[in-house]
Amino acid sequence: AFADVGYVTGDSMMIRAEVFDRVGLLPEEYFLYFEETDFNLRVRRDGWRTVVEPRSRVHHFRKSHGPLPRAYYVYYYLRNRLIFAAHWTDTPVEAVVADLAPFIDAWRTKVAANRPEWSTAYEYLVHRALEDGRRGVTGESPGIAALDHPRLLAQGLPS
């Protein structure tokens, strides 16, 4: 028996071709994070149900959990949250940024405790993500994932 839900995660979707014909594909402008949230809202707005089969199981390795965040996770999660909010809500951007403060501060604390040499890179990622989100920068941002690399950290951050 299927259960109606408001959201289906993107890591294991079964979607009828007609849905794509009517509402389009997952939006590429997010590149990573929030694309399936946007898609779910468009699907539901078009009158489709979103359901899950409670007995199904998917094992998904999430690198964003653990003692430290990955650079791409910090950047795309923050930037895309601003882009998503601008597209789907009337919430002022600074209110969205304020709502993200606990997320930012929690990771800042973990970075300081577990990898203090990465603190400068973390602050750069947060600043760049929020600025890019405010400006509506979309798609892949080359070089973001490389900020995890110890050699780059030793050389310094990009300007």
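**Entry 1. Helices H4 and H5**

I began with the contacts between two helices: Val93, Glu94, Val97, Leu100, Phe103, Ile104, Trp107, Arg108, Val111 and Ala112 in H4 meet Ser119, Tyr122, Glu123, Val126, Leu130 and Arg134 in H5. I note here that the model is a predicted one.

Two packed helices are described by the angle between their axes and the distance between the axes. I looked up both for this pair. H4 and H5 pack at an angle of about 165°, and their axes are 11 Å apart. An angle over 145 degrees counts as roughly antiparallel, and H4 and H5 are therefore roughly antiparallel to each other. I also wrote down the hand of the crossing of H4 and H5, which is right-handed.

**Entry 2. Helices H2 and H3**

H2 passes H3 in a right-handed crossing. On the H2 side I listed Thr37, Asp38, Leu41, Arg42 and Arg45, which meet Phe84, His87 and Trp88 in H3.

**Entry 3. The nonpolar cores**

Which residues touch the most other members of the largest nonpolar core? I found Leu78, Ile104, Tyr122, Leu125 and Leu130, in a core of 25 residues. Helix H3 (71-88), helix H4 (93-114) and helix H5 (119-135) are the elements that give two or more residues to this core. H3 gives the most, with 8 residues.

I picked Leu78 and listed its contacts. Leaving out residues up to four places away in sequence, Leu78 touches Leu100, Phe103, Ile104, Val126, Ala129 and Leu130. Another core lies apart from the largest one; it has 5 residues, including Val19, Val23, Val43 and Trp48.

**Entry 4. Salt bridges**

Side chains of opposite charge can pair when their charged atoms come close. I looked up how many salt bridges the model has, and the count comes to 13.

I looked at Arg49 and Asp4, which form a salt bridge with their closest N and O atoms 2.8 Å apart. Which parts of the chain does this pair tie together? Arg49 is in the loop between helix H2 (35-45) and strand E2 (51-52), while Asp4 is in strand E1 (residues 3-4), so the pair ties together parts that are 45 residues apart in sequence. Are Arg49 and Asp4 buried or exposed? Both are exposed.

Next I looked within helix H4. The side chains of Asp105 and Arg108 meet in a salt bridge, at 2.5 Å from N to O. These two residues are separated by about one helical turn, because they are 3 residues apart in H4. Buried means under 20% relative accessible area and exposed means over 50%, with partly exposed in between. Asp105 has 37% relative accessibility, so I put it down as partly exposed. Arg108 has 30% relative accessibility and also counts as partly exposed.

Helix H5 holds a further pair. Arg134 forms a salt bridge with Glu131, and the closest N and O atoms are 2.8 Å apart. Arg134 and Glu131 are 3 residues apart in helix H5, so about one helical turn separates them. The relative accessible area is 33% for Arg134, which makes it partly exposed. Glu131 is partly exposed as well, at 29%. I also noted a network: salt bridges that share partners join Glu18, Arg22 and Asp46.

**Entry 5. Two single residues**

I found Gly10 in the loop between E1 and helix H1 (17-23). Gly10 counts as partly exposed because its relative accessibility is 37%. I looked up the distance from Gly10 to Leu26: they are 16 residues apart in sequence, and their C-alpha atoms are 9.4 Å apart in space.

Why is Asn40 put down as buried? Its relative accessible area is 3%, and the cut-off for buried is under 20%. I then listed what Asn40 touches, again leaving out residues up to four places away in sequence. The contacts of Asn40 are Gly6, Tyr7, Val8, Met13 and Thr50.

Definitions and conventions: Residues are numbered from 1 along each chain as its sequence is written. This is a predicted model: local features need pLDDT of at least 70, side-chain atom pairs count only at pLDDT 80 or more; totals for chains, interfaces and linings use all residues. Side-chain values use heavy atoms; hydrogens and water are left out. A nonpolar core is a set of buried Ala, Val, Leu, Ile, Met, Phe, Trp, Tyr and Cys residues joined through side-chain atoms within 4.5 Å. Buried means under 20% relative accessible area, exposed over 50%, partly exposed in between (1.4 Å probe, protein chains only). Helices (H or I, at least four residues) and strands (E, at least two) are DSSP runs, numbered from the N terminus. Contact means heavy atoms within 4.5 Å. A salt bridge is a side-chain nitrogen of Lys or Arg within 4 Å of a carboxyl oxygen of Asp or Glu. Axes are lines fitted to C-alpha atoms, for helices over the stretch in contact, and angles run from 0 to 180 degrees between N-to-C directions. Angles under 35 degrees count as roughly parallel, over 145 as roughly antiparallel, 65 to 115 as roughly perpendicular and the rest as oblique. A crossing is left-handed if the near helix is turned anticlockwise from the far one by less than a right angle, and right-handed if clockwise.
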